[in-house]
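Work through the exercises below with the sequence and the model open beside you, and try each task before reading its solution.

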Amino acid sequence: MPRPRSLTRPQIAAAALAVLDRDGLAALTMRAVARETGVSTMALYRYVEDRDELEEMMVDAVFAAVDTTPPPPGRWRDRVADLAERVRAAVAAHPAILPLTVAHRHRSPGLLRWSETVLEVLTGAGVTGAARVVALRSLTAYVIGAVQLEHLGPLAGPGTGAIAALPADAFPLMAATARDAARIDAAAEFRRGLDLLLGGMDAPGTALAAEEHRP
């Protein structure tokens with residue numbers, strides 16, 4: 001009889017991501033991943049305990065590609081924006097992974113290293129305590145949400161055209177905004193939204209930092 005095929009964790013993660021990219025999150029099962037790797041479902045359980053562990057492996061495989069080295073010295077907003085853009089670029093190859101990042105963010109070494117670097121930049125800018133907590137969570141929420149919208153509901157997609165065609169007497173502002181949206185590319189949308197967010201978490205003395213010291 002032939003020897004059972006030996007699999008590595010990176011191979012399993014790559015196979016699971018292939019299923020996710022091709023067939024979507026609903027199709028991600030242990031059976032589907034086993035088929036992708038060329039082994040039986042029972043054989044796959046020799047390497048992966050359950051679906052939860054499989055998802056962890058996938059999230060970490062994606063975020064392992066994110067460069068987490070501190071950006072060059074400069075304005076703290078630009079440095080945080082640089083880190084956010086790195087996540088956007090890494091996730092672009094596997095956008096369907098984003099819903100899983102919320103559940104597994106605290107167990108992904110790659111995502112934890114990225115968060116540590118963001119906190120280093122924020123701390124250096126004087127954002128500490130509760131303000132730093134809100135800043136990190138707001139940034140994480142923005143990146144996850146914005147990249148999901150970019151891939152699942154892009155401004156260049158049919159949804160924008162449908163909204164632009166709404167009757168002007170009922171939805172004048174929605175229709176006008178959709179027409180404006182059609183002229184904004186994905187990179188500009190991401191960065192302009194990011195700039196709006198970062199503008200609300202400026203260094204000490206602004207609203208977010210002042211909240212920390214309010215009696």
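This is a predicted model: local features need pLDDT of at least 70, side-chain atom pairs count only at pLDDT 80 or more; totals for chains, interfaces and linings use all residues.

Residues are numbered from 1 along each chain as its sequence is written, and side-chain values use heavy atoms, with hydrogens and water left out.

**Exercise 1. Describe how α7 packs against α8, and list the residues that meet.**

Step 1. Helices here are DSSP runs (H or I, at least four residues) numbered from the N terminus, and α7 spans 109-124 while α8 spans 129-152.

Step 2. With axes taken as lines fitted to C-alpha atoms over the stretch in contact, and angles running from 0 to 180 degrees between N-to-C directions, the axes of α7 and α8 come within 10 Å and cross at roughly 130 degrees. That makes α7 oblique to α8, since angles under 35 degrees count as roughly parallel, over 145 as roughly antiparallel, 65 to 115 as roughly perpendicular and the rest as oblique.

Step 3. Taking contact as heavy atoms within 4.5 Å, Trp114, Ser115, Val118, Leu119, Leu122 and Thr123 of α7 meet Arg132, Ala135, Leu136, Leu139 and Thr140 of α8. These contact residues divide into seven nonpolar, three polar and one charged, where Ala, Val, Leu, Ile, Met, Phe, Trp, Tyr, Cys and Pro count as nonpolar, Asp, Glu, Lys and Arg as charged, and the others, Gly among them, as polar.

**Exercise 2. Find the largest cavity and state which residues line it.**

Step 1. On a 1 Å grid over the protein atoms alone, a cavity is a set of points where a 1.4 Å probe fits but cannot get out, and lining residues have an atom within 4 Å of a point.

Step 2. The largest cavity has a volume of about 50 Å³, a volume being the space filled by probe spheres set on the points, which are joined across faces, edges and corners.

Step 3. Its lining consists of Phe63, Val87, Thr101, Leu111, Trp114, Thr140, Val143 and Ile144, and the largest share, three residues, comes from α8. By class, this lining holds six nonpolar, two polar and no charged residues.

**Exercise 3. Describe the crossing of α5 and α11.**

Step 1. The axes of helix α5 (residues 76-91) and helix α11 (residues 186-199) come within 11 Å and cross at roughly 140 degrees.

Step 2. That makes α5 oblique to α11.

Step 3. The residues of this contact divide into nine nonpolar, one polar and five charged.

Definitions and conventions: Helices (H or I, at least four residues) and strands (E, at least two) are DSSP runs, numbered from the N terminus. On a 1 Å grid over the protein atoms alone, a cavity is a set of points where a 1.4 Å probe fits but cannot get out, and a pocket is an open set with protein on both sides within 12 Å along at least five of seven lines; lining residues have an atom within 4 Å of a point.
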